[in-house]
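Please consult the sequence and the model alongside the points below.

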Amino acid sequence: MPEIRNIVVLTGAGVSAESGIDTFRDGGGLWEQHRVEDVATPEAFARDPNLVHRFYDMRRAAIQTKVPNEAHMALARLDAGWKGSLLIVTQNVDDLHERGGARRVLHMHGEHLNAWCTACDSRLHWTGPLFDRPPCPVCGSRALRPDVVWFGEMPYRMNEIYAALREADLFVSIGTSGAVYPAAGFVQTARDLGAQTLELNLERSQGSQSFHETRLGPASEVVPAWVE
Ligand code: BV8
């Protein structure tokens with residue numbers, strides 16, 4: 001096995017599932033209660049901002065009642081102890097990686113606890129609802145939206161992600177169905193550039209065949225086992 005110095009970890013909703021945060025596509029997942037087109041696109045927001053605000057207000061409130069699980073804690077131990085480069089790219093918009101102690105976290109799909117003022121382009125830490133159109137504390141306008149990346153919008157900090165994938169000796173995907181791009185394409189990019197690829201998931205994902213190795217099980221078990 002070649003020496004591992006640079007690691008990229010990609011996480012999805014499955015890493016937060018055991019913290020009680022709904023995944024998107026498992027039975028009873030978020031999207032089954034709402035059609036994606038109804039709540040996670042700019043068009044949906046333009047068509048029915050109240051519905052979209054209610055959907056995100058509910059999730060923003062819910063995540064503040066959850067706590068990190070053993071998978072988040074194990075990744076934080078890896079982050080604290082790893083001497084090489086490490087980047088935890090998360091598709092999740094919760095803050096459980098940070099609350100678990102991880103530092104090198106990149107939210108490619110944005111963050112629930114941020115609001116984005118589309119009038120003055122400020123990004124603000126935000127824990128309350130947006131449904132009642134609170135004024136932006138910077139410019140006073142009532143143009144705040146969830147600071148999350150909707151379908152059809154460009155994920156954040158893609159250049160940094162691809163730079164890390166180019167340097168990666170190991171790419172580990174945790175708790176993602178491999179259904180959403182461009183995140184679902186990272187494993188192939190890393191593999192084509194010479195990285196070892198490992199999938200830790202409850203069940204085989206859509207991209208399983210792209211991984212050198214897949215270990216199945218709940219994240220709270222398979223992630224600590226891998227980190228240790
Ligand atoms: C873009 C934020 C371009 C909001 C989200 C190429 C091919 C096909 C389609 C496309 C393509 N390129 C772009 C597209 C369109 C689209 C897309 O991929 N559509 C899919 C549905 C076909 N992609 C986009 O629109 C992206 N934008 O490409 O822009 C562009 C270019 C130029 C200029 C402008 C634009 C943007 C996508 C981002 C959308 N926003 N989230 C919010 O959270 O509300 S996506 C959403 O899905 C979440 O971020 C989520 O993380 C992500 C992926 O879902 P998963 O995390 O994987 O969750 P899921 O429920 O699916 O799976 C859970 C997994 O965990 C399962 O495998 C399960 O087995 C496992 N699990 C469950 N429990 C456990 C567990 N594992 C371990 N332990 C457990 N206990």
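**Annotated site and nonpolar cores**

R59 counts as buried because its relative accessibility is 10%, under the 20% cut-off for that class. The model is predicted, and the record from UniProt, an unreviewed entry, lists R59 together with Y56 under "binding site".

**The annotated residues**

- R59 is placed in helix α5.
- Y56 also lies in helix α5, which spans residues 49-63.
- Y56 has a relative accessibility of 3% and therefore counts as buried.
- Leaving aside residues up to four places away in sequence, Y56 touches V39, A40, H112, P146, V148 and W150.

**The largest nonpolar core**

- In soluble globular proteins, nonpolar side chains tend to be buried together.
- In this model, the largest nonpolar core comprises 22 residues.
- The residues with the most contacts inside this core are V9, L75, V172, I174, L200, V223 and W226.
- Among the strands, β1 (7-11), β2 (86-90), β7 (170-174) and β8 (196-201) each supply at least two residues of this core.
- Helices α6 (70-81) and α10 (219-227) likewise each supply at least two of its residues.
- V223 touches A71, A74, L75, I174 and L200, when residues up to four places away in sequence are not counted.

How values were computed: Residues are numbered from 1 along each chain as its sequence is written. This is a predicted model: local features need pLDDT of at least 70, side-chain atom pairs count only at pLDDT 80 or more; totals for chains, interfaces and linings use all residues. Side-chain values use heavy atoms; hydrogens and water are left out. UniProt positions are given in the numbering used here, feature names are shortened, and annotations may be inferred rather than shown by experiment. Helices (H or I, at least four residues) and strands (E, at least two) are DSSP runs, numbered from the N terminus. Buried means under 20% relative accessible area, exposed over 50%, partly exposed in between (1.4 Å probe, protein chains only). Contact means heavy atoms within 4.5 Å. A nonpolar core is a set of buried Ala, Val, Leu, Ile, Met, Phe, Trp, Tyr and Cys residues joined through side-chain atoms within 4.5 Å.
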